[in-house]
Amino acid sequence: MSKPYYDAADLRKFGKITEWNEELGTKFFDYYGKVFEEGALTAREKSLIALAVAHTEQCPYCIDAYTKDGLERGVTKEEMMEAIHVGAAIKSGATLVHGVQMMNKVNKLDG
Amino acid sequence: MATQSLQKLGSNLAESNKQLDILSNGIFKNGELPTFKTKISETAQFPLKAKALEILQINVGYMCNQVCDHCHVDAGPDRKEIMTRDTMKRCLEVIKNSGAHTLDLTGGAPEMNPNFRWFVEEAAKVGIKDFIVRSNLTIIRANKKYHDLPEFFKKHNVHVVSSMPHWTRGKTDKQRGNGVFDKSIKALQDLNAVGYGMPDSALRLDLVYNPSGAFLPGNQAAMEKDFKKALMEDFGIQFHNLFAITNLPIARFLDYLIASENYEDYMYALVDAYNPAAVKNVMCTNTLSVSWDGYLFDCDFNQMLELPVNSPSKHISDFNKTLLEGRDIVISQHCYGCTAGAGSSCQGVVA
C-alpha cells in the first residue's frame, strides 16, 4: 500500500510546526502574516506574486492556498494564468540566460 | 447553469429536513468538527438570544426571473409561492407598531409580486427610517413594465440593494446566467441616471457580493475598492457600499457543494474562520424574517430550512413584540456561515 508524499489535508496542520519549536514557529508565522498585510503593495498584488512563486517553487500546498486566496479576493482566472506565466518566464529565462555561459565556454575551449 | 429550481427538479434537497440531516450528520455527528452549539458554548454565547427588533425582512415570494447557481431560496420562474395582499396588510400593521427602523423587502425578485408596488407605496407612508428593496437588477431590464422601477424607487425613497457577483462578465454570467452581466450594467446605469448611487446622493445604492464558488468572501473594504474602480473605469457606474456576504450551505449552494465534492472542505473553512466576535452581532439577534405566507423566522436562511421562531408568536397575524424579544434563536451548522471571518449578514460584515 503506497501513500502519497503530499496530503492536501496537511495544509490545515501547518500551524502545528510551532508545537515542536514555539519560538521559531511563532516568529515565522508573525513574519509571514506581516509580509502579506496591505503595504506599498496591495494584499491582492501580494497574493498574485505568491501564486506565481508557488508555481516556480512547485509547492502544491501553496498552489492550493493562493488559488483559493485569489478567488476570495476576486482575482480572475485570466489574471492567475498571466501571473504564473510571469513565474514561468523567469524560470525559463533563468535557464536560458545560462546559455551565455555555455557559449563563453565553447568559445574559449573551441574558438 | 441551472434553469429550474431544485423543487421543480424533484431533488430531495428541495426538502428542508433533508438539508438539516446533512448539516447534522457526517463530520458534525462523528465529532470531526464541533457543532455550532458546541462552538458558541465555548464563549458562553449559547443560547443566542434575540435583542430588540431593528430590521423586519419580508420575503414577498420565491418567484424570480433568474435561476442563480447558489440561490439559498431556490428561487426561479417556476416557484409559485407569492405573498397575498391580505398578508401584506398584516405586515403593514406590524411595520407601524414594531419599532423596527429598517424594512427590508426580498424574494425571489420582489418586483414580480403583483402587489409589490402597492405594498411599497403603503409601506413608504409609514415613514420607516431605512426602506430596502433587494433587487436583482436584471428585473429592471426583463420587461418593459419594469423599466420605470428606478423612478418608482426614487419616488418612494427606497434604498436599493442589488446583487453583483463580480465586475467581469465571465464570473457574473457563470453564477447568474448568460446575459445577466450586461443587463445588470444597464440597470445600474439606469439607477445612476436617476441619481441612485451618486456621491452624496440620499438615494442609496449598495451592491451585494457573494463568492461564485466554494470559497469565502475576501475583505469587504478591499473588494469594494476593486468593484468601484472597475465599474467606474469600464462603465462609468457609481454605487455607495459593497456588502460581502458568505454563501450559507443550504439549498442550491449545498447541492453544489455536495455535487462538486467541496462540502467537507467548505465546512472546515467556515469552522476554521469562526470568529466569536461576529457572534455578538449576527443579524438574527435584531432581525425578523417573514415568509410569503406570513410565518416568522430568525432569518431568511431559517425560513428556507423551515425552522420557525422559538416563540408562541409564530405568524405575522399574532405578532407579539414582547413574546419575540429575548427568544432563543434556532441554530444549526449553517449558522457558521454568518460567523466566519468578519462575519456575514444581509448588511455585509458584522465584526
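## Basis

Residues are numbered from 1 along each chain as its sequence is written, and chains are lettered from A and ligands numbered from 1 in the order in which they are written. Because the model is predicted, local features need pLDDT of at least 70 and side-chain atom pairs count only at pLDDT 80 or more, while totals for chains, interfaces and linings use all residues.

## Chain B overall

Chain B holds 15 helices and eight strands. Helices (H or I, at least four residues) and strands (E, at least two) are DSSP runs, numbered from the N terminus. The C-alpha atoms fill a box of roughly 55 × 45 × 40 Å along the principal axes. A compact globule of 351 residues would have a radius of gyration near 20 Å; chain B has 19 Å, which agrees. That radius is taken over C-alpha atoms, and the globule rule is 2.2 Å times the number of residues to the power 0.38.

Of the 351 residues in chain B, 52% are buried. A residue is buried if 20 or more other C-beta atoms lie within 10 Å of its own, exposed if 12 or fewer, and partly exposed in between, with C-beta atoms placed from the backbone. Among contacts in chain B with a separation of 6 or more, 75% link residues 24 or more positions apart. Two residues are in contact if their C-beta atoms, placed from the backbone, lie within 7 Å.

## The sheet

The eight strands of chain B form an open sheet in the order 6-5-4-3-2-1-7-8, with mixed pairing. Strand 6 and strand 8 (296–297) of chain B stand at the edges, each with a single partner strand, so one side of each is left without a neighbour in the sheet. Two strands pair if DSSP finds at least two bridges between them.

Five of the five residues of strand 1 of chain B are buried, so the strand is largely enclosed by the rest of the structure. Ile55(B), Gln57(B) and Asn59(B) point one way, and Leu56(B) and Ile58(B) the other.

Strand 1 (residues 55–59) of chain B pairs with strand 2 (residues 102–106) of chain B in the parallel sense, over five bridges. Leu56(B) has Leu103(B) as its bridge partner. Asn59(B) has Thr106(B). Strand 1, helix 4 (residues 85–98) and strand 2 of chain B make a right-handed β-α-β unit. Right-handed means that, with the strands pointing away from the viewer, the path from the first strand over the helix to the second runs clockwise. Strand 1 of chain B also runs parallel to strand 7 (residues 287–290) of chain B, joined by four bridges. There, Gln57(B) stands opposite Ser289(B).

## Strand 5 and its partners

Four of the five residues of strand 5 (residues 205–209) of chain B are buried, so this strand too is largely enclosed by the rest of the structure. Strand 5 of chain B pairs in the parallel sense with strand 4 (residues 159–163) of chain B over four bridges. Asp206(B) is the bridge partner of Val161(B).

Strand 5 of chain B also pairs in the parallel sense with strand 6 (residues 242–244) of chain B, over three bridges. Phe243(B) is the bridge partner of Val208(B). The chain crosses from strand 5 through helix 10 to strand 6 of chain B, and this β-α-β crossover is right-handed.

## Asp255(B)

Asp255(B) lies in helix 11 (residues 251–259) of chain B. Asp255(B) is buried, with 23 other C-beta atoms within 10 Å. Not counting residues up to four places away in sequence, Asp255(B) touches Leu6(B), Ser11(B) and Leu13(B). Asp255(B) and Leu6(B) are 249 residues apart in sequence, yet 8.8 Å apart in space, C-alpha to C-alpha.

Helix 4 (residues 60–72) of chain A has 13 residues. At 1.5 Å a residue the helix should span 18 Å, and its end C-alpha atoms are 18 Å apart, which agrees. The expected span is 1.5 Å times one less than the number of residues. The buried residues of this helix are Tyr66(A), Asp69(A), Gly70(A), Leu71(A) and Glu72(A). Their cover includes helix 3 (43–56) and helix 5 (77–97) of chain A. Just after helix 4 of chain A, Gly74(A) takes a positive phi of about 80°.

Leu11(A) sits in the segment before helix 1 (17–20) of chain A. With 13 C-beta neighbours inside 10 Å, Leu11(A) counts as partly exposed. Leu11(A) touches Tyr61(A), Asp64(A) and Ala65(A), not counting residues up to four places away in sequence.

## Where the chains meet

The contact takes 12 residues from chain B and nine residues from chain A. On the chain B side, helix 10 (residues 220–235) gives the most, with three residues. By class, that side has six nonpolar, four polar and two charged residues. Ala, Val, Leu, Ile, Met, Phe, Trp, Tyr, Cys and Pro count as nonpolar, Asp, Glu, Lys and Arg as charged, and the others, Gly among them, as polar.
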